[in-house]
Amino acid sequence: MGETENTSAEKHQVFDVSIGMHQQGSSKWFDDDGRQKRAGTVWTASAHIITAVIGSGVLSLAWAIAQLGWIAGPAFMFLFSIVTCYTSSLLSVCYRSGDPITGKRNYTYMDAVRSNLGGVKVKICGFVQYLNLFGVAVGYTIASSISMMAIKRSNCFHQSGGKDPCRMNANPYMIGFGIAEILLSQIPGFDQLQWLSLVAAVMSFTYSSIGLGLGIGKVIENGKISGSLTGIGIGTVTPTQKVWRSFQALGDIAFAYSYSMILIEIQDTVKSPPSEAKTMRKATLLSVAVTTLFYMFCGCFGYAAFGDMSPGNLLTGFGFYNPYWLLDIANAAIVIHLVGAYQVFCQPLFAFVEKEAAARFPDSEIITKDIKVAVPGFRPFNINLFRMIWRTLFVIFTTVISMLLPFFNDIVGLLGALGFWPLTVYFPVEMYIAQRRIPKWSTRWLGLQVLSIACLIITIAAAAGSIAGVVVDLKSIKPFQTSY
C-alpha cells in the first residue's frame, strides 16, 4: 500500500510559487526562484520542439503543396518557417520580465502575457491556447487511429491475397490510444517527459524518412516528376473548391509549425547560464531548420510522386505498397510519436487546471496530498488523486470527441488556422513590443505590425477553407460509426 503524506513543498514547486527557504539554499541544488535546479539544454529543448513540430502535420504537406503548386507550396512552407523562427525568438525574450538574466520568471505562456500585457488579453490568450491544445489532442487521437488501422488493413490485405476489403471501425483504435494516454498522463510534469520526447523525436524522423524514401522510390518508378506550377487544376476540382482547398492548405502548413503555445513551458526546463532566451534561440533555430528540411523533402517528393492525386495522409497514398512491412514500421512509428506528442502538448493544460484548483481549494486533501507508491527498483511514484481523476476525464473526453469528428485533414487545417496568428504571431509580437518598450510608429513597431496583420489575413483565409471542408465532411459522417 502507498504511504499518504502532505507534499505542500512539492505542490508549491509545481504550481509556480517560489519557496523562500530554497532561495536561501545552495545554488548547486536550486535555481534563483527556489525550484529544483533545471537541467535542460539546447538538445533537450530541441527534442521537445521536434516532438511537437514534426507531428502528424508532416503527412498532410504533400496534399497542401498539391493545392498550391510547385511555386506557392514550397514558398509558403519556407515563409511559415521564417515567421515561426522569428516570432519564437521574440517570445523567448519574454520568459523573464525585466532583466533577461535575473528578472522574474514566467512559467507559462499565460504568465508571460499577464506580465507583459495584462488585462483581458490574459483571458483571451488562455482561451485560445488551451482550446488549441485540446484540439491538438483530438487531432492526434484521430491520426493515431488511422495509422493503427493502416497496419491492420495492410496485414489483412496480404493475408487474404487482396480478396478481403478489410473494412474496420476506427473506435476501438481510438479507445486503445486513449487508454495509453490515461496511463502516461499520470506523469506529473514537463521536466519528467524528456525520455518520452527523445523517443518521440526519433520516431518522427523514422516515419518521415520512410515517407521520404517511398516518395523518392515512387518518382523513380513513375519515371517523371508529377505536379504543376499552380497545383491541382480546374476540372479536377471546381473553381470554388480550388479556392477553399488552397486556403485549407495554408492551415495545414501552419499546423505543421505549431508549437509556440508550449515554448515558454519548454523554456522553463532549460538551465542557465547561458540565459534561457539564448539557449531557446539556438534550440528554435536548430529544430525549425531540421523540420523545414524534412518538410520540404516529404512534401515535395510526395507531390512529385502523386501529383494532383496527393493524399491527405502521405503514407496512406502508397496503399498496400510492397514491402508492406516498411509501411507498417512507419505507421507504428507515427503511433509511438503521437503518444509522446500528446503528452508534450497537454502538460501545459494539465498544469493550468491543477494550479487553479490548488489556488481555489488550498486545504483540500484530494488536491494537496500525494500517495507514495513503492515501485521495486525505482523511486517511489507519487499519485495525486485530483491529478489522476481530472487527467483521466480529460483523455476520455478527447477520445469521445475524436470518435464524433474523425476527419483528419480538415481538423488539422482548422487547428493550424486557429492557433497560428494569435499564439505564434500576435501575442509574441505584442509582448516583445511591451517588454522592449518599442515606440509607437517607429520603423520597428510598424514592421512588427505589418507582419502581424499579414499573418492575420492568412489565418482568416486558412480558417475559412478548413471550415468549408469540415462542413462537407459533416454531411457524410455518422458519429461513432466511422469505418475505413
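Helices here are DSSP runs of H or I with at least four residues, strands are E runs of at least two, and both are numbered from the N terminus.

I'm working on a predicted model, where local features need pLDDT of at least 70, side-chain atom pairs count only at pLDDT 80 or more, and totals for chains, interfaces and linings use all residues. Residues are numbered from 1 along each chain as its sequence is written, and side-chain values use heavy atoms, with hydrogens and water left out.

**Helix 14**

I looked up Met388 and found it in helix 14. Met388 has 31% relative accessibility, so I log it as partly exposed (buried is under 20% relative accessible area, exposed over 50%, partly exposed in between; 1.4 Å probe, protein chains only).

**Salt bridges**

I get five salt bridges in the structure (a side-chain nitrogen of Lys or Arg within 4 Å of a carboxyl oxygen of Asp or Glu).

Arg96 and Glu276 pair at 3.0 Å, N to O. I note that this joins strand 2 (residues 96-97) to helix 11, 180 residues apart. Both Arg96 and Glu276 are buried. Arg105 is linked with Arg96 and Glu276 in a network of salt bridges.

Next I checked Lys355 and Asp111, which meet at 3.6 Å, N to O. Lys355 is in helix 12 (residues 324-360) and Asp111 in helix 5 (residues 109-116), so this pair ties together parts 244 residues apart in sequence. Lys355 is partly exposed at 24%, whereas Asp111 is buried at 9%.

Last, I looked at Glu354 and Arg391, whose closest N and O atoms are 2.7 Å apart in a salt bridge. Glu354 and Arg391 are both buried.
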